[in-house]
Each structure stands twice: as structure tokens, then as C-alpha cells.
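Work through the exercises below with the model open. Each task is followed by its solution.

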Amino acid sequence: MKLEMTNSLPIKPVDLLRPALYAILLFFVYRTSLVYLFAKWQDEDFTYCYIIPFIVLYLIWEKRERLAALPSLPSWKGLYLLIPGLLLFWLGELGGEFTMLFLSLWLVIVSLCWLHLGWRKLTLIAFPLVYGLSSFVPPNALYLPLTFRLKLISSQIGVKLMQLYGLSAYREGNVIDLGFTQLQVVDACSGLRYVIPLFLMGVLLAYYYQASMWKKIVLVVSTIPISVLTNSLRIASVGILYQFMGAAAAEGFFHDFSGWFIFIAGLALLLLEMWVLNKIFREKRKSEVRSQESGERIPEAEERPQTRQPLPALKQSIAAMVLLLATLAASQGIDFREKTPLVKPFSGLPLQLDEWRGTPAAMEQQFLDALKLSDYAMIDYRNTAGQEVSFYVAYNSSQSKGEATHSPATCLPGSGWDFRESGNASIPGTASETIRVSRAFMEKSGVRQLVYYWFPQRGRVLTNLYQIKLYNFWDALTRRRTDGALVRINKKNERRITKTSR
């Protein structure tokens with residue numbers, strides 16, 4: 001049966017007024033978050049995010065006929081998501097966490113759809129809305145460790161493939177020794193740059209795949225091993241071709257082309273997998289007539305033409321805009337963070353401690369620009385026995401989005417350090433007190449270190465970022481302070497194996 005779209009109403013300028021007002025309000029409420037997000041999109045790891053909004057709009061456009069056929073039933077139940085969404089905004093804003101702000105923006109958008117369209121229409125566009133979450137970059141606490149793990153797995157498989165080919169390949173960490181040269185598997189070669197886009201492509205294929213749910217799940221899950229395997233083949237090909245092409249095999253056009261090739265190869269494998277699943281596990285075809293997408297006929301009552309109302313959901317619109325305006329006014333008009341300067345600068349820290357003599361070091365400007373520290377100190381201490389200890393302390397007079405304390409557990413893995421046996425430990429403090437701190441063994445290219453770190457935060461000694469975010473939120477509300485520091489002590493191990501990067 002063909003559905004006649006007699007109930008489709010022409011769009012008038014007044015219909016665009018409300019969405020435009022919402023867009024303006026959301027832009028100003030989440031302005032700093034959006035600026036940060038668009039800047040992250042320029043990173044080569046997240047360029048796929050540019051296409052996500054267009055995919056979401058297309059998925060919604062595909063449902064335009066069914067959306068027009070269903071009546072809009074404004075519901076106050078949309079506040080069930082709007083209020084938690086605004087609470088997440090304050091948790092992210094005062095705690096200095098962009099991920100919370102991204103989730104807040106998504107919840108607010110979904111809540112506005114619920115408020116004005118109703119539950120039936122919201123469920124119809126549920127998949128595009130959920131898919132839109134992929135336009136937000138993942139938090140570093142998740143992304144960096146995952147990058148490092150995938151880098152290890154890819155290099156391990158790559159070495160095995162080189163050995164199968166006949167090369168004498170040896171791996172230590174992310175350094176592959178081929179005898180005639182050493183290759184370092186950097187973050188860009190971890191495969192995560194291709195895992196996420198291929199995973200999202202697998203989700204889209206599963207969405208359009210006319211098959212049982214278990215087949216769709218298998219298809220989506222298989223994107224991860226396919227990405228890792230194809231990336232391992234890429235690493236192996238670099239090692240094999242290096243003996244013929246030299247450095248050109250690991251740089252320039254060949255390196256970039258191989259990256260595109262593994263993505264196209266992964267997509268081809270997914271399509272092949274769908275064909276194999278259909279051939280091996282055949283499904284009975286249903287002969288009954290279905291509607292264009294869901295297989296359910298739209299009830300006759302819902303096919304009746306909609307009559308235009310002057311301003312439908314006016315009360316819901318006023319309530320939502322008042323809440324958004326109040327949030328904007330409070331975030332821009334109230335200073336929740338008073339900068340707390342240091343009593344003494346870190347430049348006055350002693351360089352001589354009994355038999356330990358310290359040598360100050362300076363941080364590169366690119367890291368200073370990224371961390372935005374109020375003050376810091378880096379000192380390498382060495383005693384008469386030749387033992388070395390690195391001391392690092394960093395201070396933020398006010399911790400906000402992009403200017404918050406960074407944990408070594410999230411930052412150092414991004415530089416290639418492998419954290420092992422992470423946990424907490426007690427060390428002597430002042431007088432007879434002990435301090436509960438974080439401790440871990442870390443290794444990179446043959447260099448091993450024991451690291452202790454903790455976060456002095458307004459009279460508290462904290463050990464993880466989750467505590468920092470919650471106390472930043474609470475102290476910003478109750479004390480108008482979010483200042484804090486990071487203290488890190490590294491005990492160096494003498495064992496070192498020198499490797500050169502590709």
C-alpha cells in the first residue's frame with residue numbers, strides 16, 4: 001500500500017523561528033565546548049567527525065514521510081532529560097570536564113526533541129540521535145590507554161607476520177628491530193585512527209542490513225579485529241618493503257596511501273562478511289507487505305492531515321528557553337572560580353637535599369601552551385651513589401575546562417609509557433603522618449621507572465581524576481576555589497636499550 005502524504009504541511013518562516021532560537025541559545029551556553037570540539041576535529045585521529053552531522057541529518061531526512069505522518073504530541077516528560085542535562089553541564093563546567101559537557105549538550109538536544117515532538121517521533125529518530133554521539137571525541141582517559149594497547153597488539157601481530165615472511169624481526173615494546181634498521185610504532189599507527197571510523201561504518205551497515213539481530217551484532221563486533229588485523233598487515237608491509245624502499249616505505253605518500261588502503265580493505269571485508277553470513281545462514285523471506293522502513297503500517301488515525309496550530313508547544317518552549325537562559329546567565333555572570341596565587345614560587349625549591357643535588361629543567365613551550373600552568377618545577381636529583389630521581393610539581397590557580405590537572409596515568413601512555421601494577425601506596429609525610437598516593441611501574445623503549453604521584457587540592461590529597469572533578473565542582477559552588485597541584489616523583493632504572501624511531 002502506498003501512503004499518500006496529504007497531511008504534509010508546508011514549512012513557513014515562523015516554523016524556523018523556534019529552532020533558530022534554540023540553536024543560538026545552545027551555541028552561547030556551550031560555546032567554549034564547541035570551540036574545543038571543532039579544534040579536536042582538526043586532529044587527524046578525529047577528522048571522521050566532520051561527516052557525522054551530515055550522516056545524522058540524512059538518516060533523519062530518510063524518515064521524513066513517517067515523521068510527517070505522525071502527529072507531534074508535545075510532552076512535559078522531556079524535562080526528564082533536560083534537567084539532568086543541565087546538571088551535567090554544571091558538573092562539567094565547574095569540574096573542568098569536556099566529556100560531561102558533550103553528554104550534557106546531547107541530552108539537552110534529545111530533551112528538546114521530546115518536549116516538542118513527543119515520544120513516538122523521538123523513538124523514530126532514536127538511531128540517528130544515538131549515532132550523533134560519535135561526533136564527540138572520546139575522553140583522553142579512555143582514548144590514550146586504548147591507543148597504547150592497540151599499538152602493542154598491532155606491533156606484536158606485525159612482527160609475527162614479518163617472521164612468517166622470513167625477516168629476522170624482534171620487538172621490544174613498540175620498537176621493532178629488523179637488524180638493518182629499527183622501526184617505532186607511533187600513536188598514528190596504533191590502528192585506533194581506523195578502528196573508530198570502521199566501527200561506525202559497521203554500525204551503519206548493520207542498520208541497513210536486513211538480517212537477524214545476531215548477524216548485525218556479529219558484523220559490528222567484527223570491525224575491531226578486522227581493523228587490528230589490517231593495521232598489523234600495514235606494519236608488516238612497512239618492515240618488508242623497508243629493505244627495498246628504505247625510509248620511503250614508512251613515510252610520505254606510501255605511508256598515507258597504506259592508511260587509506262587498510263580502511264577500504266576493512267570495508268570490503270565487512271561487505272564480504274555480510275555476503276558469507278547470508279549464504280551460510282539463510283533466512284526465510286517474509287511475504288507480507290511492509291511499510292518502507294519499520295514493517296508496521298501506520299494506524300489510519302495517524303494518517304489524517306494535521307491542522308496547523310499557531311504556536312504548538314508554546315508552554316514547553318517557554319519553559320525550556322527560560323532554563324537555558326538562566327543557565328547562560330549564571331555561567332557568564334557568576335565567577336565560580338577565584339584564582340588563588342601561590343604564596344611562594346616554585347623557583348625557590350631547594351636544589352641541595354643532603355647528599356642529593358638537583359638540576360632544574362625546563363618544559364618545552366608547546367607543552368606549556370597545552371597545560372596552561374600557573375607555575376611548575378622540574379628538577380632532576382642525583383646522589384653520590386649515582387641514583388637519579390626526577391621531581392615534578394605543577395600548579396593551577398584555577399582549574400577550568402582545558403586548564404585542569406592532568407593525571408600521569410592518562411598523559412604518559414599517550415607518550416608511549418606503559419603503566420603496570422598501578423595502585424595506591426602509603427609514603428611518609430610530615431611528622432608521623434603518612435600520605436596515600438598513586439604508584440605505578442612504567443616502561444618505554446627499555447627504560448623502566450617507578451613513579452609516585454598525588455594531587456594536593458585545597459587541603460586534600462587525592463589520587464585520581466574522578467575525585468578531582470567532583471571536588472572541583474563542590475568547591476567551586478561552596479568555596480569559589482578550584483586551585484590544585486600535581487606532584488610526581490620518578491625513580492629511574494639504569495637499564496636502557498637505545499632505539500631509533502622511524
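Two rings of Phe, Tyr or Trp pair if their centres lie within 6.5 Å, and Trp is represented by its six-membered ring. The model used here is predicted.

**Exercise 1. Aromatic pairs**

Find how many aromatic pairs the whole structure holds, then classify the pair Phe38 and Trp41.

Solution. 
- Step 1. The search of the whole structure returns 19 aromatic pairs.
- Step 2. For Phe38 and Trp41, the ring centres lie 5.2 Å apart and the planes meet at 65 degrees. Planes over 60 degrees apart count as edge-to-face, so this pair is edge-to-face.
- Step 3. Locate the pair. Phe38 and Trp41 are three residues apart in helix α2 (residues 31-41), so about one helical turn separates them.
- Step 4. Phe38 is partly exposed, with a relative accessible area of 41%. Trp41 is buried, at 8%.
- Step 5. Contrast this with Phe46 and Tyr48. Their ring centres are 6.5 Å apart and their planes at 55 degrees, so the pair is tilted. Both Phe46 and Tyr48 are buried.

**Exercise 2. A cluster and a charge**

Which residues do ring pairs link into a cluster, and which ring has the charged end of Arg64 over it?

Solution. 
- Step 1. Follow the ring pairs. They link Tyr30, Phe89, Trp90 and Phe336 into a cluster.
- Step 2. Turn to Arg64. Its charged end sits over the ring of Trp61, 3.7 Å from the ring centre.

**Exercise 3. Strand β7 and its partners**

Determine how strand β7 (residues 388-396) pairs with β6 and β12, and whether its residues are buried or exposed.

Solution. 
- Step 1. Take β6 (residues 375-382). It pairs with β7 in the antiparallel sense over eight bridges. Asp380 stands opposite Ser390 in β7.
- Step 2. Inspect the hairpin of β6 and β7. Five residues lie between the strands, and Gly386 takes a positive phi near 90 degrees.
- Step 3. Take β12 (residues 484-492). Its pairing with β7 is also antiparallel, over eight bridges. Here Tyr392 stands opposite Arg488 in β12.
- Step 4. Count burial. Seven of the nine residues of β7 are buried, so the strand is largely enclosed by the rest of the structure.

**Exercise 4. A nonpolar surface patch**

Which helix supplies the largest share of the nonpolar patch?

Solution. 
- Step 1. List the members: Trp214, Val218, Leu269, Leu272, Trp275, Val276, Ile280 and Phe281 make a patch of about 740 Å².
- Step 2. Assign helices. α11 (213-221) and α13 (252-280) each supply at least two residues.
- Step 3. α13 gives the largest share, five residues.
- Step 4. Ile280 lies in α13. Its relative accessible area is 56%; exposed means over 50%, so Ile280 is exposed.

Methods:
Residues numbered from 1 in each chain as written. Predicted model: local features only at pLDDT ≥ 70, side-chain atom pairs only at ≥ 80, totals over all residues. Heavy atoms only, no water. Buried < 20%, exposed > 50% of the residue type's maximum accessible area, 1.4 Å probe, protein only. Helix = DSSP H or I, 4+ residues; strand = E, 2+ residues; numbered from the N terminus. Pairing = 2+ DSSP bridges. Patch = residues over 30% accessible without salt bridge, like charges linked within 9 Å, V, L, I, M, F, W, Y side chains within 5 Å. Areas by Shrake-Rupley, 256 points an atom, 1.4 Å probe, with all protein chains shown as cover. Salt bridge = Lys/Arg side-chain N within 4 Å of Asp/Glu carboxyl O. Phe/Tyr/Trp six-rings, centres within 6.5 Å; stacked < 30°, edge-to-face > 60°. Lys NZ or Arg CZ within 6 Å of the ring centre and 35° of its normal.
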